[in-house]
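Trainee: I am new to this one and would like to learn how to read it. Could we go through it together?

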Amino acid sequence: MPHPRLPLTRWRLWAPRGAVLVNVNPQRIVYRKRWQEWPAYLKRWPFWIIGGDWDAGGRELPPFRVEQMRELLAAEGAFRDTPYYAAACAELERNGFIAEPYLTSRASLDAYLDRQVKILLDIREHGYAPQRELGGKRSHDLTVRIDRQGRLVKCREGTHRHAMLLALGVQEAPVTVDVVHTEWARACYRRFGGPLATALHRGLEADYGPVLEWPWSR
């Protein structure tokens, strides 16, 4: 239940995807579930705060594709020289497709890796920028959710980009916070007091980093 001092309706902060952007240390982002293990209703949830057990049942998972990005860096983008490429080609020859990501030809594999190399080397050269500065959709920024324990849990968009940031050792990058657990929101309200939006904004800045975009009045 929400904090008794705050009416239930006040916890229903509506926010479009990508509306909350925060500068965080990518090293703090953890993986708890694979994409297919998240409850489907989270994609349709219209508010920024949500209770329940959507964050339960996870386990510590290693970040995805970091070794692949390290290989690309070591090869200076020459992806055909990497162990990943050799393994992917062998999988393609053996099965007729590559399972993850799903690719069905050498040409599609080359195109996939060429895109990754361009993004990776651009980040190394020019730094990491949010989608609003690249002409993309804000909802496609690297995405996290804040669980009841206050962990930044990776979800939705940006798995490859997160792996690139880890491989490059980047210490600060903008991420969009998709939803937060009611328990974390309640803790912010108890910690900082009302108004609720102010408490949540202060909680983000105190625990994670500067808030770059915020859709509500503070």
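Trainee: How many helices and strands does the chain have?

Mentor: The chain has 7 helices and 7 strands. Helices (H or I, at least four residues) and strands (E, at least two) are DSSP runs, numbered from the N terminus. Their order from the N terminus on is β-β-β-α-α-α-α-β-β-α-β-α-α-β. Before we go on, this is a predicted model, where local features need pLDDT of at least 70 and side-chain atom pairs count only at pLDDT 80 or more, while totals for chains, interfaces and linings use all residues. Residues are numbered from 1 along each chain as its sequence is written, and side-chain values use heavy atoms, with hydrogens and water left out.

Trainee: What percentage of the residues of the chain count as buried?

Mentor: Buried means under 20% relative accessible area, exposed over 50%, and partly exposed in between (1.4 Å probe, protein chains only). Here 48% of the 218 residues count as buried.

Trainee: Which strands pair with β6?

Mentor: Two strands pair if DSSP finds at least two bridges between them. Strand β1 (residues 21-24) runs antiparallel to β6, joined by 4 bridges; Asn 23 has Pro 174 as its bridge partner there. Strand β3 (residues 49-50) pairs with β6 in the parallel sense over 2 bridges, and Ile 49 is partnered with Val 180. Strand β4 (residues 143-146) is also parallel to β6, over 3 bridges, with Val 144 partnered by Val 177.

Trainee: Is strand β6 mostly covered or mostly exposed?

Mentor: Strand β6 (residues 173-181) is mostly covered, with 9 of its 9 residues buried.

Trainee: Which residues touch the most other members of the largest nonpolar core?

Mentor: A nonpolar core is a set of buried Ala, Val, Leu, Ile, Met, Phe, Trp, Tyr and Cys residues joined through side-chain atoms within 4.5 Å. The largest one has 54 residues, and Trp 48, Ile 49, Leu 109, Trp 184, Leu 200, Leu 204 and Trp 214 touch the most other members. Helix α3 (residues 106-126) gives the most to this core, with 6 residues. Apart from it lies another core of 7 residues, including Trp 38 and Cys 155.

Trainee: Where is Thr 82, and what is it in contact with?

Mentor: Thr 82 sits in the loop between α1 (66-74) and α2 (83-95). Contact means heavy atoms within 4.5 Å. Leaving aside neighbours within four places in sequence, Thr 82 is in contact with Glu 71, Leu 72 and Ala 75. Thr 82 counts as buried because its relative accessible area is 5%.
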